[in-house]
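Dear colleague,

Please find below the structure for your review. A summary of the findings follows it.

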Amino acid sequence: MRRGFKKLGLLSLFMAMLLVVLAACGTDTTEPEKTSSDTETPKESDSKVEETAGEVTNASIKVVTTMAGTDPAGAVFEELLKEFQAANEGIKVTNESQSADAGTIRTKINTDFTSDNEPELMFYFNTVDAEGIIKEGKVIDLENAEGVDLSGYNSMLEQQRNADGKIYAAPQTGFYEALFVNEKLFADYGIELPTTWELYEKAIEEFAKTDIIPVAVSTEDSYYLVEHYALAAGGMENYRAELADKNAAWAEGLDLIGQHAKMGAFPMDAATIDLSIAASLFQQEQAAMLFEGSWAWGSIKEAGIGENVTVLPMPIKSGGVTGELVGGASQGWFISTKAYNDDTKRDATVRLFNFLTSEESILRLAGATGQIPAKGELTDIDPRLAVGHKLIADAPAIDAPINDRINPESFTHMRTSVPEVVSGAKTGAQVLDEAAAME
Amino acid sequence: MKNMKGDKLFIILFLAPAVLITSVFLYFPFFENFFQSFYKTDGFFNSTFVGLDNYKRLLADEIAKKATLNSLQLMLYVAIFQVGIALLLAVMVDSIKVGAGFFRTTFFFPVVISGAAIGLLFTLIYNYRNGLLNEILVSLGFERVLWLTEQSSLYMVAIPTVWSYVGFYFVIFLTAIGKIPQDFYEAAQLEGVTGFQKLTKITIPLIVGDIKVCLVLAITGALKIFELVFIITRGGPARSSEVLGTYMYQKAFVDANVGYGATLAVLMVVIGLTLALVTNKLMKSEDITY
């Protein structure tokens with residue numbers, strides 16, 4: 001009997017340990033409970049940022065950004081965090097940044113916010129991705145927040161203004177998407193650079209006769225391809241249309257992709273490769289052109305072909321002017337409402353926000369990637385990068401990528417249907433109809 | 001009677017952790033998933049009850065139909081070739097006297113490699129421009145071949161799928177064959193039974209229970225095929241190799257339509273359970289003990 005009790009005791013101990021382990025995996029509940037009134041903007045007297053600046057504050061702040069993985073800004077960001085913590089004893093910053101690749105950052109941010117575990121500060125997409133977070137009042141209106149410094153910004157700040165008139169995100173850098181061109185290959189084959197639509201089509205024709213792939217793209221993972229062909233087919237005015245308009249230029253853009261595929265413009269296996277394999281064809285100088293974003297310069301230089309490459313705006317076929325660009329500043333710094341309403345964290349969070357969005361920090365982060373800073377100007381930049389900065393400066397019009405502003409399901413349908421347009425199974429108008437029906 | 005009561009207590013205590021863990025990590029998510037299938041939701045902030053709309057959409061969804069047919073086709077290849085080749089290899093390895101250990105390790109090896117690594121490996125093998133197969137063809141003076149076309153993509157995905165898991169069933173069969181007493185074969189030999197007859201009259205009938213288990217595992221496992229298709233073809237070209245796993249992932253995680261993704265997951269569970277039950281029913285046999 002005693003032996004039975006002993007066994008029972010051991011079993012109970014095991015069960016208790018199991019429960020402890022499971023409980024330890026749960027959410028930290030040490031945060032003070034918030035009432036509904038806590039979500040309101042705090043009274044002026046609650047915020048003493050100006051007065052407390054320089055004082056020792058004890059707080060632990062969680063920061064989530066996309067400056068991780070292969071992002072060259074990641075190392076600079078880590079340095080900045082170290083400097084901030086050295087200058088602000090008592091403030092501990094936990095960096096939970098994740099690469100923007102594969103969209104896992106979206107799942108992390110959404111999960112964190114829905115499980116009451118949101119970061120105090122985040123550098124995230126101020127696009128359709130942040131709509132739910134903003135609607136739920138999970139982030140604060142920066143313009144009306146005590147202590148938040150939004151001075152010194154260029155026009156990128158205004159681009160962040162939400163449909164409700166408020167600014168929830170402070171930009172860091174801007175980007176552009178364009179046609180990366182291997183000038184050396186064009187010179188070697190005696191082909192003119194694609195500065196007009198006719199020259200672009202001529203370049204496709206000429207390279208198609210050689211062993212060089214004219215344009216390195218994936219027709220399935222075709223974010224840049226769809227956007228640039230929609231822009232080319234109708235210029236910026238049509239590019240800015242809503243999906244519900246079923247704009248004829250968007251449909252024509254999709255059909256033009258099909259026509260160019262038949263001319264041999266794209267890799268033979270364009271329907272099954274992804275963006276990274278397409279980019280590697282360009283980096284290995286097996287392809288003459290590539291649609292990419294300004295962040296591609298890092299890998300182009302790493303591949304050792306930076307000297308051979310320049311960047312051109314997508315040539316416009318009709319309805320606009322060549323020089324119009326897809327771009328902007330789609331990411332920004334958000335402060336969570338929970339952190340701002342927490343007396344123990346507000347000061348430290350606002351201080352870190354102001355530090356990271358100061359002109360000096362922004363220039364250091366922009367310098368690492370060659371992107372266009374949202375404050376100040378980069379000096380002594382690589383002449384190749386300067387070409388891209390000039391593109392932005394000279395652009396008659398710039399607008400955000402299509403997938404930043406339409407229902408993700410509709411855009412996925414558009415881009416994954418491109419191989420069917422190429423094979424002739426569907427027309428551009430048909431794909432557009434189907435995508436619009438998903439909204 | 002007193003002892004029985006004690007046993008019950010131990011049974012409950014021993015089963016409790018398993019019940020707890022399966023409930024939290026399997027049954028709760030399953031019911032939650034079923035619940036989500038009645039909503040138009042991104043899984044986070046936006047959620048609207050839509051009743052049976054997702055199921056109506058599923059019935060009219062051509063891509064879902066194609067993905068289901070592709071999944072069933074893959075299931076057929078897996079059931080025939082994965083289990084068939086594994087049985088053949090097990091019989092062959094069992095019959096050799098030297099090097100059985102080497103073959104056992106070699107055939108089992110792909111099982112321990114992650115699906116993602118195998119996917120990447122075959123991506124590099126099939127790649128049109130710089131892939132292994134085309135490099136060999138070019139070096140031999142032939143033209144490059146587009147291996148992943150709308151007609152061929154599903155077969156090309158089936159090859160690594162079958163190869164990567166043959167070893168698992170091979171080990172099960174080898175163990176099952178090893179358990180058959182040698183006396184049976186010796187007696188058969190005295191009766192003049194030939195090598196092939198030994199296989200059909202003794203080996204296969206005596207391991208039919210294991211074959212049944214392997215078939216059920218292969219059939220239900222085929223519905224979970226995801227990473228190889230996702231990495232090698234991305235479901236393409238033109239959705240020709242789309243399977244339920246990749247389509248469900250796309251809807252739930254790429255398109256942020258968790259409600260419809262959950263509906264596709266329910267379909268996968270229904271198909272899996274139905275086929276497992278049917279297979280069990282069709283292959284019902286008396287357990288053989290020896």
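**Contacts between the chains**

R129(B) and D211(A) form a salt bridge, with 3.8 Å between the closest N and O atoms; the term denotes a side-chain nitrogen of Lys or Arg within 4 Å of a carboxyl oxygen of Asp or Glu. The model is predicted: local features need pLDDT of at least 70, side-chain atom pairs count only at pLDDT 80 or more, and totals for chains, interfaces and linings use all residues. Residues are numbered from 1 along each chain as its sequence is written, chains are lettered from A and ligands numbered from 1 in the order in which they are written, and side-chain values use heavy atoms, leaving out hydrogens and water.

Between chain B and chain A the count is six salt bridges. In terms of contact (heavy atoms within 4.5 Å), 34 residues of chain B touch 46 residues of chain A. The two chains bury about 3,200 Å² between them, 63% of it on carbon and sulfur atoms; this is the accessible area (1.4 Å probe) that two parts lose on being put together, summed over both. In chain B, the residues losing the most area to chain A are F45(B), R129(B) and R234(B), together 24% of what that side buries.

As for chain B itself, 42% of its 290 residues count as buried, meaning under 20% relative accessible area (1.4 Å probe, protein chains only). The C-alpha atoms of chain B fill a box of roughly 80 × 75 × 30 Å along the principal axes.

Methods. Buried < 20%, exposed > 50% of the residue type's maximum accessible area, 1.4 Å probe, protein only.
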